[in-house]
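Hi,

Here is the structure I promised to pass on to you. Have a look at it first, and then read my notes below.

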Amino acid sequence: MGLRAARGLWSTVQGTRAPAGRAVPREEVDATPEEHPASPQRLRLEVRGAVQGVGFRPFVFRLAGELALPGWVLNDARGVFIEVEGPRRTLERFHERIVSERPPRALVQSVEAAWLPPAGFTAFEIRHSDEAGVKTALVLPDLATCPDCLAEVLDPAERRHGYAFTNCTNCGPRFTILRGLPYDRPNTTMRGFALCVDCRREYQEPRDRRFHAQPIACPACGPALALWDAGGAALSGRETAIPAAASALAEGRIVAVKGLGGFHLVCDARDGAAVARLRQRKLRLGKPLALMVRDLDQARELCEVSDLAARQLASVEAPILLLPRRATAPVAAEVAPGNPYLGVMLPATPLHHLLLRACGFPVVATSGNLSDEPICTDEYRALNRLGAIADLFLVHNRAIERHVDDSVAWIAAGRMRLLRRARGFAPLPVTVKRELPVILAVGAHLKNTVALSVGRQVFLSQHIGDLETEEALSAFERVIADFQRLYDVRPVAIAHDLHPDYLSTRWALAATGTVDGGGTAGGDPAATARGVAPRLIGVQHHHAHLVSCLAENKVEGRALGVTWDGTGYGTDGTVWGGEFLLGDAAGFERMAHLRPFPLPGGEAAVREPRRAALGLLWEAHGEEALVGPGRGAAGLFDGAELKVIGRMLDRGLNCPVTTSMGRLFDAVAALMGLHPSVTFEGEAAMALEWLADPAERGAYPVDLLPGRARAGPRPPVVLDWGPLLEAVLEDVRCGVARGIISARFHNGLVRAAVAVAGSVGEERVALSGGCFQNRLLTERLAAALERAGHTVLLHALVPPNDGGVSLGQIVVAAAQLGT
Ligand SMILES: [Zn+2]
Ligand SMILES: [Zn+2]
Ligand SMILES: [Zn+2]
């Protein structure tokens, strides 16, 4: 590869910026571009990206040695700086090879180069990290164990044989042990472990894989394991903890395992009684549980694993991947009842590799928390919170600085797409097209994440969870404080959802001094008093979904957003969720939406899809919905219930009006007799999706009605589900197979959405919102839109659900600030 090509690829710019604290006289820069190629010069490179903690400095050291170029390399809070001098041709080769031979885990965003007169270096040195300057160096996520380290751990002849905390510059903990930037051992939770002589030798040897590996450790000097009972009494230590935990698992016990970013609750996945006990104790009744398997071979016994899936499972991110389960999978039915998929991951640390090898069987490995609270990270707190769930605790003495769950992904429309962005991905930023002011976005309510913009980077937090509990709210506050401290910035604005009752919204109001939040949610009273409180910017929920998808795809122009989800606060105060928004970061126009219907009981309807069904029937048939024979509702409620809910509907009491697509799915599922009530949002819609007969091409009719003229020139088109509802009822009455009904329902929505997109006439269409966790809907709609000539934008590394809302909020807020 020529230098020119290398520059193009890596967006190299001729820069004049000096490392922090080192001013460069202007005339020094680019002083000698015309000189003879053999005459000595000095080359300065500034490498930005995730380049710390991946062996970048040792790589530079080795390369400079090989090319006999004296100079230095340095980490600072912004990246890696290099100066080398020698013949120009050799320097150009050095520059080329820095790009083309970079360490496997390095993520280079840019390389700025500057030519300077020689300084007379005599040797090459690795200089001490410089803590000054703006902190924009990317923090690397935790990386799954590399093959070299795994081989060492499994080799009885190696000194790290069986050692659960083995790592090197290509793998191991990063984000979860980092206490501050730059990434050096004293700034990690490994600071208390003094290196032994052997580890120090490896750490200092430039040819070693562990040269400057910050979390380096071995059995002689590093963290150690222990197995505790539920009272915290040690049962076995170091050597015997893993085999003892494995035999407890084989006996059907539940073990809480302290991993990289928090605790897992682990049990034998083949043991139905153990899994059922875990579900009961954790109060997680319906949601599928994730599995950890020994290796790819074991994954293949459980699921169909495509080549793409195998690569993702074995990647450094090692996400939980939703894969089609085999009928013969040796896994208890209780793991994922009725679910054609299993969520499977490979071990990401030597501890998990050793445990899975000691067991030999696949295990359930679900987040160590109660219900939907954030994952536990500290062993003493875990004893307290998980004591009633786990029988044993497999713990260690390396502190977890911040919680990070496992990421969850699926493969749809030809590539891996994240449903939960956490380990392996957080806190890598999403790079946007232009510089943004520092903005904090506090996200939505469920599946909460927060985001912080610094320059062109939007740092999207790890998954925090549903802001329903005290625990979740304090995790939310911790992540916000953590991000601001890590990047050393104060936001000029805070972006939030329009929903006044979201805890994230309330926190934002309190933080900007707009209202007194009380309790722990208060902002910075001093800043408020000084009049420098950040500006508060409310962002409509589905607008944030649309812009999140645009930002992830680096699109600045407008698009038609098909934003379908369960719930989002509309600009008219009603509950939106089946929306077509045309716009960009600067604003949007609501082009179309689902015909509104009442939701008797409001939130209660999320838990009881039959209520959504009754709302739909009421909207379509009025009072007849309550009495008409064969109308569908009669079988869903008993007489007394119908009377009460009928009165609510009649009077409009606690019956918020919605255009929610999620609730339409729920309603149709309930009318088909699936899940009249659910244990988690989306359960009924998932069951409906799984039923669909892929061969069925029929589609239920959805009418597109011109909106009633209101204020404004173009009232939104209404997608009338009335004809669709009648067709569903008719097919249910006639005993048409549920797989056919489900497919016709999906196909009808696809056809309607394509018709709306055609009438709007916008070429670009973005699909975002929780409904696009439905594979059938996503793949069929994307394909149909493409056939109709549209360019379709989908999410990939940002979740389509509310976990992606904070990114959209940032970009919308930046547009409002005029940037
Ligand atoms: Zn390694
Ligand atoms: Zn050691
Ligand atoms: Zn949403």
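A nonpolar core here means a set of buried Ala, Val, Leu, Ile, Met, Phe, Trp, Tyr and Cys residues joined through side-chain atoms within 4.5 Å, where buried is under 20% relative accessible area with a 1.4 Å probe and protein chains only. This is a predicted model, in which local features need pLDDT of at least 70 and side-chain atom pairs count only at pLDDT 80 or more, while totals for chains, interfaces and linings use all residues. Residues are numbered from 1 along each chain as its sequence is written, chains are lettered from A and ligands numbered from 1 in the order written, and side-chain values use heavy atoms, without hydrogens and water.

The cores come first. The largest one has 100 residues, and Phe56, Ile82, Phe94 and Leu394 have the most contacts inside it. Its biggest contributor is helix α12 (residues 470-487), with nine residues; helices are DSSP runs of H or I with at least four residues, strands are E runs of at least two, and both are numbered from the N terminus. Leaving out residues up to four places away in sequence, Leu394 touches (heavy atoms within 4.5 Å) a set of residues including Leu225, Val255, Phe263 and Leu351. A second, separate core of 69 residues includes Ala685, Leu725, Val756 and Ala784.

Next, the zinc sites. Donors are N, O and S atoms within 2.8 Å of the metal (3.2 Å for Na, K and Ca); water is not among the atoms, so sites may look incomplete.

The zinc ion (ligand 3) has His541 (NE2), His545 (NE2), Asp565 (OD) and Asp802 (OD) as protein donors, 2.1 to 2.2 Å away. Here the arrangement is irregular because the four donor atoms subtend angles of 89 to 165°. Asp565 lies in strand β23 (residues 559-569) and Asp802 in the loop between β31 (791-793) and α25 (805-816), so the pair ties together parts 237 residues apart in sequence. Asp565 is buried, with a relative accessible area of 3%, and Asp802 is buried at 12%.

Best wishes

Technical notes:
Tetrahedral: all angles 85-135°; square planar, octahedral: opposite > 155°, others 65-115°. Buried < 20%, exposed > 50% of the residue type's maximum accessible area, 1.4 Å probe, protein only.
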